[in-house]
Amino acid sequence: MTILVTGGAGYIGSHTARLLTEMGRSVVVLDTLERGYRDSIPDIDLVVGDIADARTVGKLCRKYDVDSAIHFAAYKAVGESMAEPLRYYKNNVAGSITLVETLMEHEVKHVVFSSSAAVYGTPDTAPVNEDATLRPESVYAHTKADIERFLTSCDATGLRSVSLRYFNAAGAHESGDMGEDWTATANLVPVVMKVLFGAQPSLEVFGDDYPTPDGSCVRDYVHVSDLADAHVKALDYLATGGRSLVCNVGTGQGTSVKQLIAMTESVTGRSLPHHVAARRAGDPASVYADPTLVRAVLGWRATRDLREIITSAFRWHERHPDSYER
Ligand code: WQD
């Protein structure tokens, strides 16, 4: 019995595949390597291929006797999704539907899906819980909401799923040899690291006049290894008969951009050059999770704090200034 991890050579996927392997579970990764890295999972079986390629997926299911799947493979850049909707709907939506169809044909009945807090758009409340109205504001967020709903509908066919709505994934593996590629992202923590290591002169703080305690935006930063752990718990929940579920995966703790800067300076002992810039279009003032459901149903809670996020990200970038080899 093997767990198929699509997108398992990507940032969150690779941490999850590694954790599963360390726990003695059998894992096979399917990844196109378009945005993932073989070097992120050197000791794990990797099939280079596309989720929409039913032949490859079918072959892999038979060869490895796949009985459950964690589906990470997707494009995830919000800005790019607005410019290239076809690419996003084709891969994230059509590709996921074909994948699930193939999984069903091969009797795979448990799927854990990478969703995103982006499905909430600008929530009316902080913290936000799963009952909030979904108001996706980007093509990317729409594709995640679509597949959540599709998977929930598949319940009727006997396929049970857990969709995990991640808040802001950040940090790196404790070993220092696995982390996020800063060249491919404009997210806050990798940009902070670029500035620390001189790859960017100064951090732009996108707005300091929001209705938050210090005026900068508040988010819920979750350590990538805690996220990996949530996937294991979701798989175990399904394996023990759990019903389909959609839940937040966040710490419940809001952190402002300015607090994150202060933490970075305290952890690293370096000063972080930064300046206030204009607000970034589409940024909600404050988004953090109500993690009640994930705690109660999956028994998951974050065990690593912001200090650990910054420490681990720093360690990774210090040791791997050029990320992985392509
Ligand atoms: C965090 C905060 C910025 C960069 C995005 C996606 C979301 C999800 C996670 C996948 C914000 C501020 C950032 C910088 C800054 N992705 N910031 N200067 O926007 O909360 O969420 O990534 O599922 O879908 O929308 O994350 O890291 O871009 O920003 O001041 O150079 O940092 O304004 O408040 P965001 P982020």
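In this predicted model, N248 is a residue of strand β11, which covers residues 245-249; helices (H or I, at least four residues) and strands (E, at least two) are DSSP runs, numbered from the N terminus. Residues are numbered from 1 along each chain as its sequence is written, local features need pLDDT of at least 70, side-chain atom pairs count only at pLDDT 80 or more, and totals for chains, interfaces and linings use all residues. Side-chain values use heavy atoms, with hydrogens and water left out.

## The surroundings of N248

With a relative accessible area of 0%, N248 is buried, a word that stands for under 20% relative accessible area, while exposed means over 50% and partly exposed in between (1.4 Å probe, protein chains only). The side chain of N248 is joined to the side chain of Y120 by a polar contact of 2.6 Å, and a polar atom of the N248 side chain also lies 2.9 Å from the backbone oxygen of V128. A polar contact is a pair of N or O atoms within 3.5 Å; within protein, one must be able to donate a hydrogen and the other to accept it, and residues adjacent in sequence count only if both atoms are side-chain atoms. Not counting residues up to four places away in sequence, N248 touches several residues, among them N129, E130, R165, F167 and D290, where contact means heavy atoms within 4.5 Å.

The domain assignment of the protein gives domain 1 (2-169 + 222-249) and domain 2 (182-219 + 252-319), with bounds that come from an automatic or database domain assignment. The C-alpha centres of domain 1 and domain 2 lie 24 Å apart, and the contact between them takes 27 residues from domain 1 and 20 residues from domain 2. Both domains give residues to the shell around the ligand, so the ligand lies between them.

Around the ligand there are 19 residues, of which Y140, L188, E204, R219 and D283 come nearest; a residue is near a molecule or strand if one of its heavy atoms lies within 4 Å of it. By class, this shell has 12 nonpolar, 3 polar and 4 charged residues, where Ala, Val, Leu, Ile, Met, Phe, Trp, Tyr, Cys and Pro count as nonpolar, Asp, Glu, Lys and Arg as charged, and the others, Gly among them, as polar. Both α6 (188-196) and β8 (203-206) supply at least two residues each to the shell, and the largest share, 4 residues, comes from β8.

| Residue | Protein atom | Distance to a ligand oxygen atom |
|---|---|---|
| S116 | side-chain N or O | 2.9 Å |
| N168 | polar side-chain atom | 3.0 Å |
| L188 | backbone N or O | 2.7 Å |

On its own the ligand has 690 Å² of accessible area, and the protein covers 86% of that area; accessible areas come from the Shrake-Rupley method with a 1.4 Å probe, and for residues only the protein chains shown count as cover.

## Helix α6

Helix α6 is mostly covered, with 9 of its 9 residues buried, and the buried residues include L188, P190, M193 and K194. The cover over the buried residues of α6 includes β7 (168-170), β8, β10 (221-223), α8 (257-268) and α10 (306-319). After α6 comes G198, which has a positive phi near 80°.

## Loops and backbone geometry

A9 sits in the loop between β1 (2-6) and α1 (11-22) and is buried, with a relative accessible area of 1%. Leaving aside neighbours within four places in sequence, A9 is in contact with residues including V29, D31, L33 and Y37. L33 itself lies in the loop between β2 (27-31) and β3 (45-48), and at 18% relative accessibility L33 counts as buried.

Most residues other than glycine have a negative phi, and most peptide bonds are trans. L33, although not a glycine, has a positive phi of about 65°. S323, in the segment after α10, is also a residue other than glycine with a positive phi, near 55°, and counts as buried at 14% relative accessibility. A cis peptide bond, with omega of about 5°, joins A126 and P127, and P127 lies in the loop between β5 (110-116) and α5 (139-153).
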